[in-house]
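Please open the model in your viewer and keep the selection panel at hand, as this tour moves from one selection to the next.

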There are 2 protein chains.
Amino acid sequence: MIFSAASKNKGKDLSILIALGGNALNVDDTQGGISLKEEFFIARQAMKNIVDLVSDGYERIIITHGNGPQVGRIFLQQELTKEAFPRQTTLDVCVADTQGRIGYIIQNVFNNECRSRGLDKFAYSLITQVLVDVQDHAFNDPTKPIGAFYSEKEAAELSCKYGWVMKSQAKKGMRRVVPSPIPLDVIEKQMFKQMLASNMIAIVGGGGGIPVVRRESGELEGVEAVIDKDRTSALLANAVGIDVFIILTESDYVYLDYGKITEKKIENITVDELVKHHEQGQFPAGSMGPKVEAVISFIQGGGTHAIIASLFHLKEALAGKSGTHILKE
Amino acid sequence: MIFSAASKNKGKDLSILIALGGNALNVDDTQGGISLKEEFFIARQAMKNIVDLVSDGYERIIITHGNGPQVGRIFLQQELTKEAFPRQTTLDVCVADTQGRIGYIIQNVFNNECRSRGLDKFAYSLITQVLVDVQDHAFNDPTKPIGAFYSEKEAAELSCKYGWVMKSQAKKGMRRVVPSPIPLDVIEKQMFKQMLASNMIAIVGGGGGIPVVRRESGELEGVEAVIDKDRTSALLANAVGIDVFIILTESDYVYLDYGKITEKKIENITVDELVKHHEQGQFPAGSMGPKVEAVISFIQGGGTHAIIASLFHLKEALAGKSGTHILKE
């Protein structure tokens, strides 16, 4: 298999979308005594790796990011202050909060890292709405747990008061569950396309985007849901015509037979082969599954080159020396 | 005095910066039973007035907004959940949260209002950092109260734990006070300039911007402060070369001798006259003062036409039929 010939021809003009995990930016802030600026230190490590690419001459970059731990904290703080603020903030608004918060942190740290290397480059964070289908079956069967644990009685009250769907979580009690529908369109994509064309680095699609549905009137309305950030990233990558779509994880490669004696890392693979392995159950839903599905959707949606790699070997991955590369054929 | 001759020549090509108050978007959410979507209904009213301008052919618009009530709520929720989350989020991050939250609401509602009128126009919210001077005397004498009230003993503990400055608030107890330094530069201004040149509507500078200082290394670091949104709006208006700077308030005009029998509305005034009235104490710090200072700073910074007007008469104000118009000479 020839590695990324199409990509290589473009040289430094390649457009790149990098999807960062929310955990890569997270601090365990139930612990006291941690520096108030801890998120910035952690984000700096991540940004150093991305700025390495800018330093190498790549300027057409979009950064997306997760928000799992952060939206969890904000949502829990809403619940814990129910008495002072009986009108709970809806989840679409909580996602918007995290786009502001994480967007600021990444933007600030990215710019500082560029400046420290003498690069006159800025990143810009934009609020992103993502269309989902009000008929998506996820709305009938919410599965993503969020927030605090409650007794059955409390759960029934909350369900009545706020319309929350509550589900039993093993022996720990009841918890709110929210739907995770499939993203269909990125509302602000024209802007991101224009930024890419102007070599302006965009931080967008935070937390998978703010979920909105289109009402009969044609208007967009935020809904109580969360969207998988890798799926949204793939959709966005297709929408703006990205050359290389990179999902960063804690692992250097995707593996076959992960954790078994026959374990084998994947370096290069066609999308058809990857689909086959996925159908055989190689990639569990709780770990590599969603990432594998996102890269498949990117290639099937017209993309030519996707990479799943470690944040700490991003540069090597782009050079073809690390990570799992998924190609069209 | 000739009304806005310079502006009139540009016709619909005028660039306009509109500063919205945080109260214009606020819901009293200590009350239960209010719709979860209340903010969107309120923002829709505000956006109808702005979209009227778009409908009239004005496309070069920047919207800034306050965040007083919203950042107050977020900050208070941090305080009320100190036990679960002992690491309190710094105020710069809380401001970033509100830029995400309010930015989303305005962007969503603006786009819906445009769509309902058949206008193919989108607004984009961007995270905005604003430079302040670490030597600003406001840091030595914080005056802006924020968050919950405490006993003297609790206040002393919080001061020790988080470094907060606590001040007695009449008879209600002790409260955290934060500095409100003067804004010096808008970090992302190049982007906003480019958007204006491309007829793309930008929602920026939320809550006066995220306050950052420049460290000796040259890096920008967020600080615990809040910036007056009208001052930041004036600075931004100058930085991107805005033709008409409009501050929207609850009042149709600025008045001389406000509330007295000699009360008189101001329709047109030169900046020199306005400065004189301000020096004579006509505009109190708690109400019209900061807005008057912002328009003075805009005109003295090179602007030619500023308006202080009511949100509900924005169109008339731009047509010279309402509002207080401040001109260079």
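**First stop: the sheet of chain B**

Begin with chain B of this predicted model, where β5-β7-β6 is the order of an open sheet of 3 strands with antiparallel pairing (strands are DSSP runs of E with at least two residues, helices are runs of H or I with at least four residues, and both are numbered from the N terminus; two strands pair if DSSP finds at least two bridges between them). Select β5 (144-150) and β6 (165-168) of chain B, which are the edge strands, each pairing on one side only. Neighbouring strands of this sheet are turned by 40° against each other on average, direction ignored (axes are lines fitted to C-alpha atoms, for helices over the stretch in contact, and angles run from 0 to 180 degrees between N-to-C directions).

Residues are numbered from 1 along each chain as its sequence is written, while chains are lettered from A and ligands numbered from 1 in the order in which they are written. Local features need pLDDT of at least 70 and side-chain atom pairs count only at pLDDT 80 or more, whereas totals for chains, interfaces and linings use all residues, and side-chain values use heavy atoms, with hydrogens and water left out.

**Second stop: both chains**

How can chain A be laid on chain B? A turn of 180° with a shift of 0.0 Å along the axis does this with an RMSD of 0.0 Å, which is the relation of a two-fold axis (copies are superposed by least squares on the C-alpha atoms of residues with pLDDT of at least 70 in both). Because 100% of the interface residues of chain A are also interface residues in chain B, the copies meet through the same surface.

**Last stop: a lining from two chains**

Finally, select α3 (68-80) and α4 (91-116) in chain A and also α3 (68-80) and α4 (91-116) in chain B, each of which supplies at least two residues of the lining of the largest cavity (on a 1 Å grid over the protein atoms alone, a cavity is a set of points where a 1.4 Å probe fits but cannot get out, and lining residues have an atom within 4 Å of a point). Among the lining residues are A:Asp97, A:Arg101, B:Asp97 and B:Arg101.

Terms used: 1 Å grid on protein atoms, 1.4 Å probe; cavity = no way out; pocket = protein on both sides within 12 Å on 5 of 7 lines; lining within 4 Å. Contact = heavy atoms within 4.5 Å.
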